[in-house]
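Here is a short tour of one protein model, written for someone who likes to know the cut-offs behind each term. Have the viewer open and follow along.

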Amino acid sequence: MKIEESKIQEYNGASFSVNKVDGISVLTFNDSTGIDNTETYAKIMLGDCPECNKMNELYKDFTYDKVLVLGLGLGLLAETLKVEKGCSVVDVIDNNQELIDYVDYLDNSINIIKGDALSYTPNKKYDLILVDLWWGNEDINWEVISSFIGDIYTPYLENNGKILIPIIYKSIQQ
């Protein structure tokens, strides 16, 4: 799904901007990375893209209801998880207060938490922890992955829960 365009306002701030390009909202961070408000993003990240075999494999025979998303962006994943997937718990961690304040158009039951994904300690267990941080393969090393497997998030997975790091097609299971 995508966010209803009328809810997303153009914005030019300190750490990002949002502009309309051919009627589609585009969030661009100061480092030039960004995301478009399209259905494609959530479909790929949630394993619903028919031609995305590697991503789909991460979700094969896996169901979830309580989800923690690391990274907010435009809120596409959080909104899709709540509205289309019907998840009972959708929590999102992001360290950018400006972005958190801007994204005020999401479903009210989505809990956005200001925090650093590499040091945040959850207060509940999740079926799925989805790492949607702006990392490329060159940014992921075993030290970073070990921190997710180890003390930070694994203790907060329900039985049969997963931590998914889709950008590198990895799944860490509890």
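The charged end of Lys162 sits over the ring of Phe62, at 4.9 Å from the ring centre. For this contact, NZ of Lys or CZ of Arg must be within 6 Å of the ring centre and within 35 degrees of the ring normal.

A word on the ground rules: this is a predicted model, where local features need pLDDT of at least 70 and side-chain atom pairs count only at pLDDT 80 or more, while totals for chains, interfaces and linings use all residues. Residues are numbered from 1 along each chain as its sequence is written, and side-chain values use heavy atoms, with hydrogens and water left out.

**Aromatic rings**

A pair of aromatic rings is described by the distance of the centres and the angle of the planes. Here, rings of Phe, Tyr and Trp (its six-membered ring) pair if their centres lie within 6.5 Å; planes under 30 degrees apart count as stacked, over 60 as edge-to-face and the rest as tilted. The structure holds seven aromatic pairs. One of them joins Tyr11 and Tyr102, which are tilted, with 5.1 Å centre to centre and 45° between the planes. Tyr11 belongs to strand 1 (residues 11-12) and Tyr102 to helix 4 (residues 97-102), so this pair ties together parts that are 91 residues apart in sequence. Helices (H or I, at least four residues) and strands (E, at least two) are DSSP runs, numbered from the N terminus.

Is each of these two tyrosines buried or exposed, and by how much? Tyr11 is partly exposed, with a relative accessible area of 27%, whereas Tyr102 counts as buried at 10%. The classes are buried under 20% relative accessible area, exposed over 50% and partly exposed in between (1.4 Å probe, protein chains only). Both tyrosines also belong to one aromatic cluster, formed by Tyr11, Phe16, Phe29, Tyr102 and Tyr105.

**Cysteines**

A disulfide is a covalent bond between the sulfur atoms of two cysteines. The search criterion is a pair of cysteine sulfur atoms within 2.5 Å, and over the whole structure one disulfide is found. That disulfide joins Cys49 to Cys52, with S to S at 2.1 Å. The link is right-handed, with 55° about the S-S bond. Cys49 is buried at 7% relative accessibility, and Cys52 is buried at 16%. Cys87 is likewise buried, at 2%.

**An enclosed space**

On a 1 Å grid over the protein atoms alone, a cavity is a set of points where a 1.4 Å probe fits but cannot get out, and lining residues have an atom within 4 Å of a point. Grid points are joined across faces, edges and corners, and a volume is the space filled by probe spheres set on the points. The count comes to one cavity of 30 Å³ or more, and the largest cavity holds about 60 Å³ of space. Its lining has 13 residues, of which Leu72, Gly75, Leu76, Leu77 and Asp132 lie nearest the centre. Helix 3 (residues 76-84) gives the most to this lining, with three residues.

By class, the lining has nine nonpolar, three polar and one charged residues. In this scheme Ala, Val, Leu, Ile, Met, Phe, Trp, Tyr, Cys and Pro count as nonpolar, Asp, Glu, Lys and Arg as charged, and the others, Gly among them, as polar.

The table lists C-alpha to C-alpha separations.

| Pair | Separation along the chain | C-alpha distance |
|---|---|---|
| Ala42 and Gly75 | 33 residues | 9.7 Å |
| Ile129 and Leu68 | 61 residues | 4.7 Å |
| Tyr156 and Leu128 | 28 residues | 9.6 Å |

Ala42 is found in helix 1 (residues 39-45) and is buried at 1% relative accessibility. Ile129, in strand 8 (residues 126-131), is buried with a relative accessible area of 0%. Tyr156 lies in the loop between helix 5 (142-152) and strand 9, and is partly exposed at 21%.

**Backbone angles**

Most residues other than glycine have a negative phi, and most peptide bonds are trans. Ser32 has a positive phi of about 75° although it is not a glycine. Ser32 is in the loop between strand 3 (24-29) and strand 4 (34-36), and is exposed at 62% relative accessible area. Asn160, also not a glycine, has a positive phi of about 65°. Asn160 is placed in strand 9 (residues 157-165) and counts as exposed at 61% relative accessibility.

Terms used
On a 1 Å grid over the protein atoms alone, a cavity is a set of points where a 1.4 Å probe fits but cannot get out, and a pocket is an open set with protein on both sides within 12 Å along at least five of seven lines; lining residues have an atom within 4 Å of a point.
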